[in-house]
Amino acid sequence: MRIAIIGFGAAAIGFIECLKDSKHEIHIFEKSKDVYSSSISGIRADGKLFVSKEMGGNLDVDIQLQKDLVDYYIERTENRKYESGTSFANKDIFKKFFAKGFQPIHSDFYHIGTDQLKQVLYNIYEDFNSHGNIHFHFNETITDMEPIANTVILSNRESFDTVVVAVGRSGQKLIKTIIGKFPELISDNSKVDLGVRMELPDLIVEELNREMYEFKLKYKSKTGYMVRTFCNNPGGYVVTENYDDFVTVNGHSKLKEKSKNTNFAILTTVQLTHPFNDPIGFGSHIAKLTNLLAGKNKVILQTYNNFKSSKRTKHLYRVFPTLEKDSYILGDINLAYPRRIAESIIDFIENLNEVVPGVANDDNLIYAPEIKFYSNRLHNDHFYNLKFIGDCSGATRSIIYATAHGWMMAEKILKG
Ligand SMILES: Cc1cc2nc3c(=O)[nH]c(=O)nc-3n(C[C@H](O)[C@H](O)[C@H](O)COP(=O)(O)OP(=O)(O)OC[C@H]3O[C@@H](n4cnc5c(N)ncnc54)[C@H](O)[C@@H]3O)c2cc1C
């Protein structure tokens, strides 16, 4: 069978790894110019691998498969170097958070780091490329496709027996085109995660960082919204992330070079009902308003005390940002954020401060906008020869879940 896979990211890796020794002819079309700029969200991903049933996507992924895929990535690092931790395995810590109303999330973490991830991906690419049935086509942006009878024709006029779309979130334009033609593919679109990124001195959270590397918590705030921590980066750096027409904030950490701060996202899940049907529009408008206040292509930075009291920040005190100076302005996030979201975040931080004293210190830093979009959840049984895997399918939100989704789809194809 001639199979095309669109995008060379985490989901494609799982898919190809499972099929590489089969007789299928596999063509990969990737929009980036080479392997160094493609894969796993353009290698901006932090390379933090999780093994958990409680996070990573809305997909049932066997724990053993998750562990095998973590090993797969780790085996391709230089000298198997990584940081690791287990969240909330310690019963006393679990109890402390639980008693204050938090839902601690169990997970194992393996941190490869942004710096090593590039080499890991190159090693994977080299292995795939050495197989005669696998053909890479870089600099190939697929803009549309047409399922006709037993084939699928791509926008570059090539036709295949089966096409697997694995374009992640950066491929939303292609997904939009496909669902524009086949709206029946959508099974759910109502959620967006909107919040801030907090940055504070490592010493405030050093015990948690040491114990579990990443502390994942959920909390039902007094507003009724669920609030959660996401993407904790001990010794990490805050960065901006560019979308087509706005800029958000994000964080990562490296394996070797460390800062003196920890940063993590605090996200509020907004799930609205009929007639609302545009969560991406809702999140984008708030992001654009925040950028407008900050000056184009910048984010807002505020001290926690000023965020709480809705005053513009003019000076910093003991905590200094790791985000580059020309990427932010000191301002007031409350001019852009709905009150219910700001209140949910403040309620979360004040409660967290009772378990981790110092989290609510006046001079800790708050950045906005921090937004995580959920892709539309797509049906995979509508076409027998056009499938969606990884983040673009709405089923995954992490490297291991996306890789597993690809692997599981390939297993189905092998079974016939
Ligand atoms: C800044 C950042 C940090 C992250 N950190 C982590 C982390 O530490 N741990 C974790 O588990 N997850 C992390 N994630 C999430 C993780 O990267 C994704 O969940 C995962 O990469 C999804 O895999 P995917 O294959 O679906 O998409 P991706 O890995 O994004 O791959 C999609 C590929 O498709 C290509 N593409 C897009 N459109 C087209 C097109 N039209 N034609 C051809 N090619 C196209 C892209 O160039 C890309 O190479 C992070 C994400 C971001 C943005």
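A residue counts as buried if 20 or more other C-beta atoms lie within 10 Å of its own, exposed if 12 or fewer, and partly exposed in between, with C-beta atoms placed from the backbone. N297 has 12 C-beta neighbours inside 10 Å, so N297 counts as exposed. This is a predicted model: local features need pLDDT of at least 70, side-chain atom pairs count only at pLDDT 80 or more, and totals for chains, interfaces and linings use all residues. Residues are numbered from 1 along each chain as its sequence is written.

Stay with N297 for a moment. N297 is found in the loop between α8 and β19 (299-303). Helices (H or I, at least four residues) and strands (E, at least two) are DSSP runs, numbered from the N terminus. The phi of N297 is near 65 degrees, a positive value in a residue other than glycine. A149 also has a positive phi, near 45 degrees. A149 lies in the loop between β8 (145-148) and β9 (151-154). With 6 C-beta neighbours inside 10 Å, A149 counts as exposed. Most residues other than glycine have a negative phi, and most peptide bonds are trans.

The bond from H274 to P275 is cis, with omega near 10 degrees. P275 sits in the loop between β18 (261-271) and α8 (279-294). The bond from A368 to P369 is cis, with omega near 5 degrees. P369 belongs to strand β21 (residues 365-373).

A residue is near a molecule if its C-beta atom, placed from the backbone, lies within 6 Å of it. 39 residues surround the ligand, and the closest are G7, G9, G168, G171 and G390. Two or more residues each come from α1 (10-19), α2 (40-43), β3 (48-51) and α11 (399-415). α1 gives the most, with three residues. The shell divides into 16 nonpolar, 15 polar and eight charged residues. Here Ala, Val, Leu, Ile, Met, Phe, Trp, Tyr, Cys and Pro count as nonpolar, Asp, Glu, Lys and Arg as charged, and the others, Gly among them, as polar.

Four bridges join β3 to strand β6 (residues 107-111), and the two run antiparallel. L49 stands opposite Y110 in β6.

Two strands pair if DSSP finds at least two bridges between them. Five strands follow the order β7-β2-β1-β11-β23, with parallel pairing. β7 (134-137) and β23 (386-388) stand at the edges, each with a single partner strand, so one side of each is left without a neighbour in the sheet. Three bridges join β11 (residues 162-165) to β23. V164 stands opposite K387 in β23.

Finally, the interior. A nonpolar core is a set of buried Ala, Val, Leu, Ile, Met, Phe, Trp, Tyr and Cys residues joined through C-beta atoms within 7 Å. The largest such core has 113 residues, and those with the most contacts inside it are I5, F15, A166 and Y367. α11 gives the most to this core, with eight residues. Domain 1 (2-77 + 112-188 + 376-415) and domain 2 (191-373) both give residues to this core, so it lies between them. The domain bounds come from an automatic or database domain assignment.
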